[in-house]
2 protein chains.
Amino acid sequence: MTPIVESFVLHFGEMGSRWGFNRTVGQMYALLVVSKDPLTANQLAEELNISRGNVSMGIKELQSWQLICTKHIPGDRKEYYLALGSIWDMAMKVFEERRKREVDPTLSMLRGALLQKSGNDKDAYAQEKLHEIHDLLETVTTWSHELQSMNPDKLNTLMKLGSGVGKVLDFKEKVLKKSS
Amino acid sequence: MTPIVESFVLHFGEMGSRWGFNRTVGQMYALLVVSKDPLTANQLAEELNISRGNVSMGIKELQSWQLICTKHIPGDRKEYYLALGSIWDMAMKVFEERRKREVDPTLSMLRGALLQKSGNDKDAYAQEKLHEIHDLLETVTTWSHELQSMNPDKLNTLMKLGSGVGKVLDFKEKVLKKSS
DNA sequence: CTAAAGTTTCAATATTTTCTGAAAGTTTAA
DNA sequence: TTAAACTTTCAGAAAATATTGAAACTTTAG
């Protein structure tokens with residue numbers, strides 16, 4: 001690994017734990033992302049100085065996140081691994097996967113709690129709060145689903161527009177009112 | 001704790017680790033959120049069955065996230081704790097804090113790596129990828145900053161609009177073109 | 001079918017993170 | 001100033017998580 005690649009890989013490893021996977025999985029993924037050519041499990045183990053078994057588990061994890069794919073080279077029995085898709089695709093995958101793991105279970109727990117009859121004052125207050133949290137999470141999840149289903153170019157336009165989107169909303173209101 | 005509150009507190013504790021703090025901190029926060037009246041450190045320790053020292057550390061953590069505040073009751077020497085602001089405020093705080101911890105350090109690492117002269121082909125390819133990641137993270141951070149600076153009502157309108165926002169963007173284009 | 005090349009599994013070990021509780025620190029009423 | 005009431009700190013214990021490596025498993029060329 002060159003110094004540039006190494007510092008990226010190490011940083012991504014540390015960050016990995018915050019982003020939902022462990023250090024070595026983060027490092028493996030980082031290395032695959034910046035490698036033009038696919039790598040074998042043994043190459044990963046060697047470059048990162050980790051055990052072959054650990055690489056095998058890491059690969060399984062990255063596959064469960066659908067972040068890497070396998071490539072076979074004719075006449076070679078080894079499996080080669082490759083980061084999947086564009087940076088944009090990767091970001092979407094991570095985002096989606098985290099929503100599944102962090103938000104969805106909470107939403108279903110909240111739905112359950114809101115179905116219970118509140119027995120007393122304390123419960124009534126608690127349920128009010130749970131309701132607010134539920135509604136917020138639901139709005140945000142629905143929204144993020146919809147954003148993800150948008151064409152990436154349009155989404156990019158939207159993001160670049162930034163808070164300017166407020167003006168566009170006003171603008172639409174105004175024009176609609178005039179024409180009515 | 002009533003059963004409803006307890007299941008919320010336990011769930012939030014487990015989830016807490018995914019959301020950036022540890023189990024007991026998550027539980028403490030959950031309990032404060034659904035409690036109408038402020039609680040003392042001792043009450044937290046007792047309700048959650050954790051040590052007084054752990055509560056003290058948890059409080060410090062929650063304060064560093066600016067998620068709770070202190071209240072004094074006249075004639076009482078104890079400190080009372082209270083979840084801060086509305087659910088919306090809380091979500092914003094958590095979101096912002098996570099951005100600071102998860103994204104900002106990566107952005108500065110990437111900026112550093114992009115300043116290096118790439119020595120060879122491998123580095124050149126790696127830097128291309130780093131560049132893409134950098135640009136994406138920057139766009140997203142800037143956008144989220146701007147969304148956060150918007151008036152919450154407008155932001156809510158925007159979210160409820162969902163992917164319909166694409167149509168509004170088209171609409172604006174069309175009207176502007178006509179009038180030019 | 002056999003054995004070589006490769007991959008996965010998982011019990012044991014190492015590392016990291018969290019939690020406890022006793023001691024030290026702080027504040028205030030008297 | 002003192003001591004009671006309360007809070008914080010932090011070294012060590014406990015719990016959770018990650019990692020290794022050897023054995024078991026799988027695949028395929030011959």
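By salt bridge I mean a side-chain nitrogen of Lys or Arg within 4 Å of a carboxyl oxygen of Asp or Glu. This is a predicted model, in which local features need pLDDT of at least 70 and side-chain atom pairs count only at pLDDT 80 or more, while totals for chains, interfaces and linings use all residues. Residues are numbered from 1 along each chain as its sequence is written, chains are lettered from A and ligands numbered from 1 in the order in which they are written, and side-chain values use heavy atoms, with hydrogens and water left out.

Four salt bridges cross the interface of chain A and chain B, and one of them joins the side chains of Arg98(B) and Glu102(A), at 3.4 Å from N to O. With contact taken as heavy atoms within 4.5 Å, chain A contributes 61 residues and chain B contributes 61 residues. About 5,700 Å² is buried between them, 77% of it from carbon and sulfur atoms, where buried area is the accessible area (1.4 Å probe) that two parts lose on being put together, summed over both.

Turning to DNA strand C, 18 residues lie around it, counted when one of their heavy atoms is within 4 Å of the strand.
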